Amino acid sequence: MTDALKRLSDEGVAIWLDDLSRQRITSGNLAELIDQQHVVGVTTNPSIFQKAISDGHGYDQQVADLAARKVTVEEAIRMITTADVRDAADILRPVFDATGGQDGRVSIEVDPRLAHHTTPTIAEAKQLAWLVDRPNTLIKIPATKAGLPAITEVIGLGISVNVTLIFSLERYREVMDAYLAGLEKAKAAGLDLSLIRSVASFFVSRVDSEIDKRLEKIGTDEAKGLKGKAALANARLAYEAYEEVFSSERWAALDKAGANKQRPLWASTGVKDPAYKDTLYVDELVAPGTVNTMPEATLEATGDHGQITGDTVRGGYAAARADLDAVAALGISYDEVVQLLEDEGVEKFEASWNDLLKSTEAELKRLAPSEG
């Protein structure tokens, strides 16, 4: 192991693990990653929980108890997932305390079937915050059009939020605006702004996957030369927008009232194209005040051979703009790509949630006690 993870952390990048399971909690693996690999947070999503609950027998006892109570499959999922998040939050509590609440966070997502419905998303966020009942929780709300007012409302209630599925620079600015509006509501309600935290999950690798596919289809040398550049360019310009918004007069007033910046979080940082270095989206997205949430394979790869050479974001804005302009000049529509990715992101999480419903229902039936 190199000490690349420590160097990354020293550069101001919070390392979070993009995975959670009961096995990880009970085996001591999560505590070990915190202790040895500089992990200071955990993110979950419907796909992660679907895999965790489908693998092995770690949930059998709880599922058997839930089956004995004849709970609905939706209630069973909520009891199972919030139990994992609560336990992970307790393991991360010392990190939360040591960082003044900035890290040591665990994220749990609202039901993805609500992604296009504002009022139920707000209700679900409140319910999840109440169920987990830990100060170091982040409720994940997707950055859909319907999600934006929900973010404002939930932040305004003093609930910390991880905004997920951000692909476009325009939507990212709308997310930051929703966060600031939420802080203004919280301030007007007399809440302590210093206790409210948020991250904005800007997705990375999926942008390359979609744009590279289109560049490959064009097939010219110029097109092929742009492969692997769009995702980094997009993320770097997101950081530029972050710097701009959080140096504005509007922010200054909230800062004075004790508010915290909404940190950019690099999500989907596992490399999908084997032609690229497996630490590409870690090495090339180093900037202060960011979070990088990594699948375990990416975490291990970074620890083993990551090349952390200081800030690789600021100073690259002009080149990033040039790369996106060059992609657009070939006839690839940025707006079309990012909308497609948002739609697909919601659909994938919905599909995982439906798979989770099916597998949990099957487990409830399998473990149901005989009558008596």
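Reader: Is I308 buried or exposed?

Author: This is a predicted model, and in it I308 is buried, because its relative accessibility is 9% and the cut-off for buried is under 20%. I308 sits in the loop that runs between α15 and α16.

Reader: Which residues is I308 in contact with, leaving aside its neighbours in sequence?

Author: Beyond four places in sequence, I308 is in contact with A4, R7, L8, E11, V282, D283 and V286.

Reader: And how far is I308 from S370?

Author: I308 and S370 are 62 residues apart along the chain, and 57 Å separates their C-alpha atoms.

Reader: Where is T312, and is T312 buried or exposed?

Author: T312 is placed in the loop between α15 (296–305) and α16 (317–329). T312 counts as buried, since its relative accessibility is 18% and buried means under 20%.

Reader: What does T312 touch?

Author: With neighbours within four places in sequence left aside, T312 is in contact with R236, D283, E284, L285 and V286.

Reader: Let us turn to the aromatic residues. How many aromatic pairs are there in the whole structure?

Author: A search of the whole structure finds six aromatic pairs. One of them joins Y239 and Y242; this pair is tilted, with 5.2 Å from centre to centre and 45° between the planes.

Reader: Why is that pair called tilted, when the planes are 45° apart?

Author: Planes under 30 degrees apart count as stacked and those over 60 as edge-to-face, so the rest, in between, are tilted. At 45°, the pair of Y239 and Y242 is tilted.

Reader: Where do Y239 and Y242 lie?

Author: Both lie in helix α12 (residues 230–245), three residues apart, which is about one turn of the helix. Y239 is buried, with a relative accessible area of 3%, and Y242 counts as buried at 7% relative accessibility.

Reader: What kind of pair do F246 and W251 form?

Author: F246 and W251 form an edge-to-face pair, at 5.0 Å centre to centre and 75° between the planes. F246 is buried, with a relative accessible area of 6%, and W251 is buried at 5% relative accessibility.

Reader: Which residues form one cluster with them?

Author: Y239, Y242, F246 and W251 form one aromatic cluster.

Reader: A change of topic: where is E342, and what does its side chain make a polar contact with?

Author: E342 is found in helix α17 (residues 334–367). The side chain of E342 makes a polar contact of 2.8 Å with the side chain of R171.

Reader: Is E342 buried or exposed, and what else does E342 touch?

Author: E342 counts as buried, at 8% relative accessibility. Not counting residues up to four places away in sequence, E342 touches A143, T144, L165 and F167 as well as R171.

Reader: What lines the largest cavity?

Author: Its lining is made up of W16, Q102, R105, L138, R197, S198, V199, K261 and R263. By class, three of these residues are nonpolar, two polar and four charged.

Reader: And which residues line the second largest cavity?

Author: The second largest cavity is lined by T44, N45, P46, F49, R78, T81, I108, E109 and W353. The elements that give two or more residues to this lining are α4 (46–54), α6 (73–98) and β3 (105–109). Four of the lining residues are nonpolar, three polar and two charged.

Reader: Last topic, the backbone: what is the phi of H38, and where does H38 lie?

Author: Most residues other than glycine have a negative phi. H38 is not a glycine, yet its phi is positive, at about 65°. H38 lies in the loop between α3 (29–36) and β2 (39–42) and counts as partly exposed, at 26% relative accessibility.

Reader: What about the phi of D133?

Author: D133, also not a glycine, has a positive phi of about 55°. D133 lies in the loop between α7 (118–132) and β4 (137–142), and D133 is exposed, with a relative accessible area of 55%.

Note on methods
Residues numbered from 1 in each chain as written. Predicted model: local features only at pLDDT ≥ 70, side-chain atom pairs only at ≥ 80, totals over all residues. Heavy atoms only, no water. 1 Å grid on protein atoms, 1.4 Å probe; cavity = no way out; pocket = protein on both sides within 12 Å on 5 of 7 lines; lining within 4 Å. Nonpolar A, V, L, I, M, F, W, Y, C, P; charged D, E, K, R; others polar. Helix = DSSP H or I, 4+ residues; strand = E, 2+ residues; numbered from the N terminus. Buried < 20%, exposed > 50% of the residue type's maximum accessible area, 1.4 Å probe, protein only. Polar contact = N/O pair within 3.5 Å; in protein donor to acceptor, adjacent residues only side chain to side chain. Contact = heavy atoms within 4.5 Å. Phe/Tyr/Trp six-rings, centres within 6.5 Å; stacked < 30°, edge-to-face > 60°.
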